[in-house]
Amino acid sequence: MILGVYMANISSLIASIASCVSIFKCRALHCRVVKTMSYRHGFIGDQLVGCYLRLGHEVCAEKLFDEMPERDLVSWNSLISGYSGRGYLGKCLKGLSKMMRSEVEVKVVNALINWYGKAGDLSSSCKLFEDLSVKNVVSWNTMIVVYLQNGLAEEGLGCFNVSRAVGNKADHAAFLAVLRVCEAIGAVKVAQGIHGMILCCGFNANMCITTALLDLYAKLGRLEDSSKVFLEIISPDSVAWTAMLAAYATHGYGRDAIRHFELMVDHYGISPDHVTFTHLLSACSHSGLVDEGKHYFETMLERYRVEPRLDHYSCMVDLMGRSGFLQEAYGLIKEMPMEPSSGVWGALLGACRVYGDTKLGKEAAERLFELEPCDGRNYIMLANIYSASGQWKDASRVRNLMKQKGLVRASGCSYIEHGNKIHKFVVGDWSHPESEKIQKKLKEIRKKMKKELGYKSRTEFVLHDVDEDVKEEMINQHSEKIAMAFGLLVISPMEPIIIRKNLRICGDCHETAKAISLMEERRLIIRDSKRFHHFSEGSCSCRDYW
């Protein structure tokens, strides 16, 4: 009732100002506004400015305009259009110039920089940014994000550094943006430097920033650092708890994820949501914890009142499929109360690849071709299933279909950090300055593996119909093997060798990493497209299950 009266009051005032023909009445209305409401309500302040100018009292208009605590584009337009209506060309130009130098114009340009950046027009974003006479911290933060969105994370980091150099203090948004940049670059040392800045600037108490920081460390292979950041949070909220759970899941520490979940729910009384269960079920899947995964899937609705979604079904299909229960996984898909997504069929296709089920794999692939006709990964997966079972003609047919559709397979590459630089390797890479030393180290590793472990290259992972010796040469030059050899040469024995790969690690490279961890007594952490693998003393955290 009170709100209705108040709104009627505003409407009445607006109508009175619009029809006002007397300066005395205008001043009376102005007094009423000052006594009963804010200039921002219904843009009454802007309308009073326009009324004063319309009545020829620019001094009153300018005084009111200067007194207004908040001025936006509407405010400036009211002033400038009022000048224009009176024919004050000089004042129009002066007002326009003043607006261009004001914070309001900076806001508009910042919005345009962001808009062009999202549209992929980086050059327009850069030009607008460079032409800004007044660059605020939002301008710099916007450019950091724009560079990141356009695949130029290094430039985004440079923008962050220049912003600080010219005197801007990094705010909440700046730290969140630069943490995303660190993830894209994949540089642990840079992340550690940003962590130091966060501590110095007093943002370590900010929940959003600390959560983003622990998530970043996890994605860079530093699970221990993630755990340390989490333990330093005084009262972690559900987002922070879930982020730490996700870290355990992606690193394949299923038991730790379950303990973390039970502590979160039973001891601290934090209610899990659908995201929490996605990571919990994923953790069970990555660790082969079938019974535990089934338990949580069955109780998530009845005990925690969380309705299973597509992501949860996808995790369960992945869990059962990877454990060899392909028909059970297929049965679950058929019983789903919603249409299976590409994630669900993709989980089944991945399981079919692991267990060589060509019949079920073909059905899963065909469903994926319908849902994602332009995703080449599905065609490659089916072709690999055929190749692994020696069905070379079927594999060739699928690859030809992929070519006809103009789909290109992503090239495998591996990344490793050393000397404040990210080193990239591709298959058979001889472009690195230390290539001869790297190749020499690779030969030493292979020789040592054969002599001490009796190891033979697992050429069954080369899914091409070529001679055995060619297969062996191909598999020995995989990008992650080159990165491992480089890491052994340059990374201190006290530090783990951390490698990122854009594709799934092959079985032979997986065995090689296990052998290196045993023979060289080194820790290796490899992140592929699916998960993290922690190699130590001849075994992997995935227990050869990925």
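Mentor: In the contact between helices H12 and H13, Ala191, Gln192, His195 and Ile198 of H12 meet Ile209, Leu213, Leu216 and Tyr217 of H13. Sorted by class, the residues of this contact comprise six nonpolar, two polar and no charged. The model is a predicted one. H12 spans residues 188-200 and H13 spans residues 207-219; the two pack at an angle of about 160°, and their axes lie 11 Å apart. Since angles over 145 degrees count as roughly antiparallel, H12 and H13 are therefore roughly antiparallel to each other. The handedness of their crossing is left-handed.

The pair H10 and H11 may be set beside this one. Helix H10 covers residues 153-165 and helix H11 residues 172-185, and they pack at about 145° with 9 Å between their axes. Their crossing, too, is left-handed. On the H10 side the contact is made by Ala153, Glu154, Leu157 and Phe160, which meet Ala174, Phe175, Val178, Val181, Ala184 and Ile185 on the H11 side. By class this contact has nine nonpolar residues, no polar residues and one charged residue.

A further pair is formed by helix H21, residues 342-355, and helix H22, residues 358-371, whose axes come within 9 Å and cross at roughly 150°. That angle makes H21 roughly antiparallel to H22. H21 passes H22 in a left-handed crossing. The contact of H21 with H22 divides by class into nine nonpolar, three polar and two charged residues.

The structure holds 14 aromatic pairs. One of them joins Phe129 and Trp140 in an edge-to-face arrangement, with 5.0 Å from centre to centre and 80° between the planes. Phe129 belongs to helix H8 (residues 122-131) and Trp140 to helix H9 (residues 137-149), so this pair ties together parts that are 11 residues apart in sequence.

Lastly, there is the annotation on record. Across residues 273-303 the model is 87% helix and 0% strand, and the C-alpha atoms at the two ends are 12 Å apart.

To return to the part you asked about: the contact of H12 with H13 contains no charged residues, and the two helices run roughly antiparallel.

Notes:
Residues are numbered from 1 along each chain as its sequence is written. This is a predicted model: local features need pLDDT of at least 70, side-chain atom pairs count only at pLDDT 80 or more; totals for chains, interfaces and linings use all residues. Side-chain values use heavy atoms; hydrogens and water are left out. Axes are lines fitted to C-alpha atoms, for helices over the stretch in contact, and angles run from 0 to 180 degrees between N-to-C directions. Helices (H or I, at least four residues) and strands (E, at least two) are DSSP runs, numbered from the N terminus. Angles under 35 degrees count as roughly parallel, over 145 as roughly antiparallel, 65 to 115 as roughly perpendicular and the rest as oblique. A crossing is left-handed if the near helix is turned anticlockwise from the far one by less than a right angle, and right-handed if clockwise. Ala, Val, Leu, Ile, Met, Phe, Trp, Tyr, Cys and Pro count as nonpolar, Asp, Glu, Lys and Arg as charged, and the others, Gly among them, as polar. Rings of Phe, Tyr and Trp (its six-membered ring) pair if their centres lie within 6.5 Å; planes under 30 degrees apart count as stacked, over 60 as edge-to-face and the rest as tilted. Contact means heavy atoms within 4.5 Å.
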